[in-house]
Amino acid sequence: MPEDLGLYLSFLHPLLMGSLLAGSGYALFLGIKAKKARTGTPEERKQLLKGKFAQRHYLIGSLVLVVMVGGSIGGMAVTYLNNGKLFVGPHLLVGLAMTGLIALAAGLSPLMQQGNLIARKAHVGLNMLVMSLFLWQTASGLQILNKIWTER
Ligand code: HEM
Ligand code: HEM
């Protein structure tokens, strides 16, 4: 493999995941609006339903799911290409945990659409955990990036 390619790929994953952090924030915003559209006063609901927040949240949420699964596996692929092995460290383990958690949260979609309250609470709880881990993942990711850059 050309040497430069490995280095470029090492930057692709952080860029992709950085945009994903922004995308997750947007999904959170849409989710909160969707909740307001469901539980607000009749006047608020009438106004908010026009925004189709639940549908938009489902769409952006699905995109976040796709990019997280792809980006996580991609990160492992890049690490493997560059080092011939994976480093079983916090960034790998937390990354896999986040990917698993968001998949669980997404799998609750049909139940949420039937109005299942427990599924809703679990979905929000799981995804809040994902969002918190994301901040930690950004810190450990930037450390790895710094190491790659200084040792290149
Ligand atoms: C960053 C990730 C995500 C966050 C922070 C998030 C957050 C939320 C919040 C706050 C709600 C409103 C709950 C309520 O009404 O009480 C919600 C609802 C929902 N979410 Fe997510 N979510 C995320 C990702 C996803 C993904 C990946 C999917 C599916 C692929 C998804 C599908 C749904 C659905 C179907 C609902 C129900 C909407 C409705 O009221 O019909 N979400 N989410
Ligand atoms: C903005 C945030 C992030 C930054 C700056 C970042 C940075 C990095 C870097 C530099 C690598 C090493 C690539 C190489 O060896 O060349 C890496 C690997 C990896 N990343 Fe990320 N990452 C971020 C977010 C994420 C997220 C959100 C996930 C998963 C949900 C994730 C999962 C992984 C995995 C599984 C690996 C391979 C294992 C390892 O090298 O430790 N990363 N990341």
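Colleague: How many helices and strands does the protein chain have?
Modeller: Keep in mind that this is a predicted model. Read along the sequence, the pattern of the protein chain is α-α-α-α-α-α. The secondary structure therefore counts runs of helix and strand, and the tally is six helices and zero strands.

Colleague: And what share of the protein chain's residues counts as buried?
Modeller: The C-alpha atoms fill a box of roughly 60 × 25 × 25 Å along the principal axes. To count as buried, a residue needs 20 or more other C-beta atoms within 10 Å of its own. Of the 152 residues, the share that passes is 18%.

Colleague: Are α4 and α6 roughly parallel or roughly antiparallel to each other?
Modeller: Their axes lie 9 Å apart, and the packing angle is about 155 degrees. Angles over 145 count as roughly antiparallel. So α4 and α6 are roughly antiparallel.

Colleague: Moving on to the ligands, which element gives the most residues to the shell around ligand 1?
Modeller: Of the 27 residues around ligand 1, Gly31, Lys35, Gly61, Ala106 and Asn127 come nearest. The elements giving two or more residues are α1 (3-39), α3 (53-83), α4 (90-107), α5 (109-113) and α6 (117-150). With eight residues, the one that gives the most is α1.

Colleague: By class, how does that shell around ligand 1 divide?
Modeller: Lys counts as charged, while Gly counts as polar. Lys35 and Gly31 are among the residues that come nearest to ligand 1. The whole shell divides into 15 nonpolar, nine polar and three charged.

Colleague: Which elements give two or more residues to the shell around ligand 2?
Modeller: There are 31 residues around ligand 2, and Ser10, Met17, Gly75, Gly95 and Gly141 come nearest. By class, the shell has 16 nonpolar, 15 polar and no charged residues. The elements giving two or more are α1, α3, α4 and α6.

Note on methods. Residues numbered from 1 in each chain as written. Chains lettered and ligands numbered in written order. Predicted model: local features only at pLDDT ≥ 70, side-chain atom pairs only at ≥ 80, totals over all residues. Near = placed C-beta within 6 Å. Helix = DSSP H or I, 4+ residues; strand = E, 2+ residues; numbered from the N terminus. Buried ≥ 20, exposed ≤ 12 C-beta atoms within 10 Å, placed from the backbone. Axes fitted to C-alpha atoms, helices over the stretch in contact; angles between N-to-C directions. Parallel < 35°, antiparallel > 145°, perpendicular 65-115°, else oblique.
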